[in-house]
Amino acid sequence: MGKGKIIIFSAPSGSGKSTIIDYLLTQNLHLAFSISATDRAPRGKEKNGVEYYFLSPEEFKRRIKRNEFLEYEEVYPNRFYGTLKAPVEKQLSEGFNVIFDVDVKGGCSIKKYYGENALAIFVQPPSVEELRKRLVNRATDKPDVIEDRLARARFELSFAEKFDKIIVNNELEEAKTEALKLVKAFLR
């Protein structure tokens with residue numbers, strides 16, 4: 001089995017990135033989802049190796065020192081998230097195309113690491129105002145959290161031109177079709 005390829009998705013929260021990735025995972029593209037690592041404890045019914053690789057804070061920092069991450073970020077003080085190299089390399093060697101759902105900095109780092117073997121796609125909302133509507137309609141966050149997400153979105157939007165392709169998610173079905181077309185062309 002040949003070595004797989006890398007597909008990176010980044011986007012502001014509420015842009016539809018996860019929905020597009022979930023759709024692509026059903027499209028017979030021999031995709032494997034990259035599971036992130038974190039040093040936080042599992043929540044609810046989360047399982048190690050399913051939602052995340054759960055590492056102790058000490059283990060996470062040890063692995064940073066040993067250069068075992070493709071990318072990582074200290075999202076909050078002493079709260080780390082990142083992508084371990086070993087599971088991704090295993091998926092690639094098994095012939096899977098590995099799909100990532102990462103923040104913009106992580107997406108740029110993974111693209112730099114894999115170069116031409118990676119396709120980096122940025123999913124963009126039609127506007128910040130539309131993003132606000134989506135986040136409000138989702139009804140999962142309080143107003144102050146929505147404002148924090150919008151501030152973060154403005155920052156993330158400044159990274160869009162660093163990606164290979166930009167999909168403006170004006171209409172979800174069109175965005176899913178465009179993503180499928182881009183990914184299929186890249187995998188050929």
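Visitor: Where is Lys-111 placed?

Guide: Lys-111 belongs to helix α4. Please note that the model is predicted.

Visitor: Is Lys-111 buried or exposed?

Guide: Lys-111 has a relative accessible area of 17%. Residues under 20% count as buried, so Lys-111 is buried.

Visitor: Leaving aside neighbours within four places in sequence, what is Lys-111 in contact with?

Guide: Apart from those neighbours, Lys-111 is in contact with Ile-8, Ala-118, Ala-120 and Asp-164.

Visitor: On to α6. Which of its residues are buried?

Guide: In α6, the buried residues are Ile-146, Leu-150, Ala-153 and Glu-156. Viewed down the axis of α6, these buried residues fall within an arc of 120 degrees, so they line one face of the helix.

Visitor: And what covers the buried residues of α6?

Guide: The cover includes α4 (104-114), β8 (118-124) and α5 (128-138).

Visitor: How far apart are the end C-alpha atoms of α6?

Guide: They are 21 Å apart. Helix α6 has 15 residues, 143-157, and at 1.5 Å a residue these should span 21 Å, so the two values agree.

Visitor: Now the open sheet of four strands. What is its order?

Guide: The order is β4-β3-β6-β5, and the pairing is mixed. At the edges stand β4 (53-54) and β5 (69-76); each has a single partner strand, so one side of each is left without a neighbour in the sheet.

Visitor: In what sense do β5 and β6 pair, antiparallel or parallel?

Guide: Strands β5 and β6 (residues 79-84) pair in the antiparallel sense, over six bridges. As one example, Tyr-72 has Gly-82 in β6 as its bridge partner.

Visitor: Which strands does helix α2 lie across?

Guide: Helix α2 (residues 57-65) lies across β3 (37-38), β5 and β6, and runs at about 50 degrees to β6.

Visitor: And helix α3, at what angle to β6?

Guide: Helix α3 (residues 85-93) runs at about 25 degrees to β6, lying across β4, β5 and β6.

Visitor: Last, the whole protein chain. How many helices and strands?

Guide: The chain has seven helices and nine strands. Its C-alpha atoms fill a box of roughly 40 × 40 × 30 Å along the principal axes.

Visitor: What radius of gyration does the chain have?

Guide: The value is 16 Å, which agrees with the figure near 16 Å for a compact globule of 188 residues.

Visitor: What share of the residues is buried?

Guide: Buried residues make up 43% of the 188. As for contacts with a separation of 6 or more, 67% come from residues 24 or more positions apart.

Key: Residues are numbered from 1 along each chain as its sequence is written. This is a predicted model: local features need pLDDT of at least 70, side-chain atom pairs count only at pLDDT 80 or more; totals for chains, interfaces and linings use all residues. Side-chain values use heavy atoms; hydrogens and water are left out. Helices (H or I, at least four residues) and strands (E, at least two) are DSSP runs, numbered from the N terminus. The expected span of a helix is 1.5 Å times one less than its number of residues. Buried means under 20% relative accessible area, exposed over 50%, partly exposed in between (1.4 Å probe, protein chains only). The arc is that of the directions from the helix axis to the C-beta atoms. Contact means heavy atoms within 4.5 Å. Two strands pair if DSSP finds at least two bridges between them. Axes are lines fitted to C-alpha atoms, for helices over the stretch in contact, and angles run from 0 to 180 degrees between N-to-C directions. The radius of gyration is taken over C-alpha atoms; the globule rule is 2.2 Å times the number of residues to the power 0.38.
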